[in-house]
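Please keep the sequence and the model in view while reading the numbered points.

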Amino acid sequence: TIVVILLGCFHVTPWGRAVINSVDYANHKIDETTSYALKKEVEDTCRAMIASYEADRLTYEQYNGVANDEKQSWADQAKMRANTTVSNYNNYILKNKFVWNGNVPSDIRIELQYLQ
């Protein structure tokens, strides 16, 4: 009975919660850095964002500077989409760089460049 009471008090005291939370945090970080599923998800997301960026970049380069107003509008829209993707991608890489631990796959870029 005394052990149960002490364990119950441990869970409700600030010191006890701090110990439990720090152990949970450490376990969560270990799971994140060693999880294959998380690594695959981050890599797949990066590859999808790179593909989207490249498609918009190519569209922009193809139609930029064309005399046709409609095609120039396509270029402007593609540039806007590409730059939005760049912003999202660069933030995503910053948030998830721990996944690779400095060992980034060769087809994943550390940073995308904005279209000027």
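1. Does Thr85 count as buried or exposed? With a relative accessibility of 12%, Thr85 counts as buried, where buried means under 20% relative accessible area, exposed over 50%, and partly exposed in between (1.4 Å probe, protein chains only). Thr85 lies in helix α4; helices (H or I, at least four residues) and strands (E, at least two) are DSSP runs, numbered from the N terminus. Setting aside residues up to four places away in sequence, Thr85 touches Met49, Ser52 and Tyr53, contact being defined as heavy atoms within 4.5 Å.

2. A word on the basis of these values is in order. This is a predicted model, in which local features need pLDDT of at least 70 and side-chain atom pairs count only at pLDDT 80 or more, while totals for chains, interfaces and linings use all residues. Residues are numbered from 1 along each chain as its sequence is written, and side-chain values use heavy atoms, with hydrogens and water left out.

3. Helix α3 covers residues 36–63 and helix α4 residues 69–96; their axes come within 8 Å and cross at roughly 155°. Here axes are lines fitted to C-alpha atoms, for helices over the stretch in contact, and angles run from 0 to 180 degrees between N-to-C directions. The two helices are therefore roughly antiparallel to each other, since angles under 35 degrees count as roughly parallel, over 145 as roughly antiparallel, 65 to 115 as roughly perpendicular and the rest as oblique.

4. The crossing of α3 past α4 is left-handed; this term applies if the near helix is turned anticlockwise from the far one by less than a right angle, and right-handed applies if clockwise. The contact of α3 with α4 has 15 nonpolar, seven polar and six charged residues. In this classification Ala, Val, Leu, Ile, Met, Phe, Trp, Tyr, Cys and Pro count as nonpolar, Asp, Glu, Lys and Arg as charged, and the others, Gly among them, as polar.

5. Tyr53 belongs to helix α3 and is buried, with a relative accessible area of 5%. Which residues does Tyr53 contact, leaving aside its neighbours within four places in sequence? They are Ala82, Thr85, Val86, Arg109, Leu112, Gln113 and Leu115. From C-alpha to C-alpha, Tyr53 and Pro14 are 48 Å apart in space and 39 residues apart in sequence.

6. Asn90 is found in helix α4 and counts as buried at 14% relative accessibility. Residues up to four places away in sequence not being counted, Asn90 touches Ile110, Glu111 and Leu112.

7. One aromatic pair is present in the structure. The ring centres of Tyr63 and Trp74 are 5.1 Å apart and the ring planes stand at 80°, so the pair is edge-to-face. Rings of Phe, Tyr and Trp (its six-membered ring) pair if their centres lie within 6.5 Å, and planes under 30 degrees apart count as stacked, over 60 as edge-to-face and the rest as tilted. Because Tyr63 lies in helix α3 and Trp74 in helix α4, the pair ties together parts that are eleven residues apart in sequence. Trp74 is partly exposed, with a relative accessible area of 34%.

8. Ser73 is also found in helix α4 and, at 29% relative accessibility, counts as partly exposed. Glu61, in helix α3, counts as partly exposed at 45% relative accessibility.

9. Finally, Thr1 is placed in the segment before α1 (2–12). Thr1 is exposed, with a relative accessible area of 79%.
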